[in-house]
Amino acid sequence: MPNTKTAKGRVELELQELREKNEKLASLIGKVKSDNWKSHQKLLDSLSSEQKNLLKKQYKVQKEYIRILEKRLKILAEE
């Protein structure tokens, strides 16, 4: 568990939580293999195309945010 009293610890925790959310979203939208794919497919089939597009956009934005947090950690480690 990261030390949330430091800036580095808070960024590490945020990154960890975001990665977990992004992995779940990736599994839901079929970006990665899932043991629960049939349930995910059923849920996706119930969503409008707009909702599906928003989930895909959310996935991409989260991936970019993960890269930003990784860069921040690299800088914090160098300081």
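Biologist: What are the ground rules here?
Modeller: The model is predicted, so local features need pLDDT of at least 70 and side-chain atom pairs count only at pLDDT 80 or more, while totals for chains, interfaces and linings use all residues. Residues are numbered from 1 along each chain as its sequence is written, and side-chain values use heavy atoms, with hydrogens and water left out.

Biologist: How many salt bridges does the structure hold?
Modeller: There are 2, a salt bridge being a side-chain nitrogen of Lys or Arg within 4 Å of a carboxyl oxygen of Asp or Glu.

Biologist: Which residue does Glu-70 pair with?
Modeller: Arg-19, with the closest N and O atoms 2.5 Å apart. That pair links distant parts of the chain, as Glu-70 is in helix 3 (residues 49–78) and Arg-19 in helix 1, 51 residues apart. Helices are DSSP runs (H or I, at least four residues), numbered from the N terminus.

Biologist: And Glu-64, what is its partner?
Modeller: Arg-67, the closest N and O atoms being 3.1 Å apart. Both residues lie in helix 3, 3 residues apart, about one turn of the helix.

Biologist: Switching to Lys-31, where is that?
Modeller: Lys-31 sits in the loop between helix 1 and helix 2 (37–46).

Biologist: What does Lys-31 touch, beyond its neighbours within four places in sequence?
Modeller: Ala-26 and Tyr-59, where contact means heavy atoms within 4.5 Å.

Terms used. Helix = DSSP H or I, 4+ residues; strand = E, 2+ residues; numbered from the N terminus.
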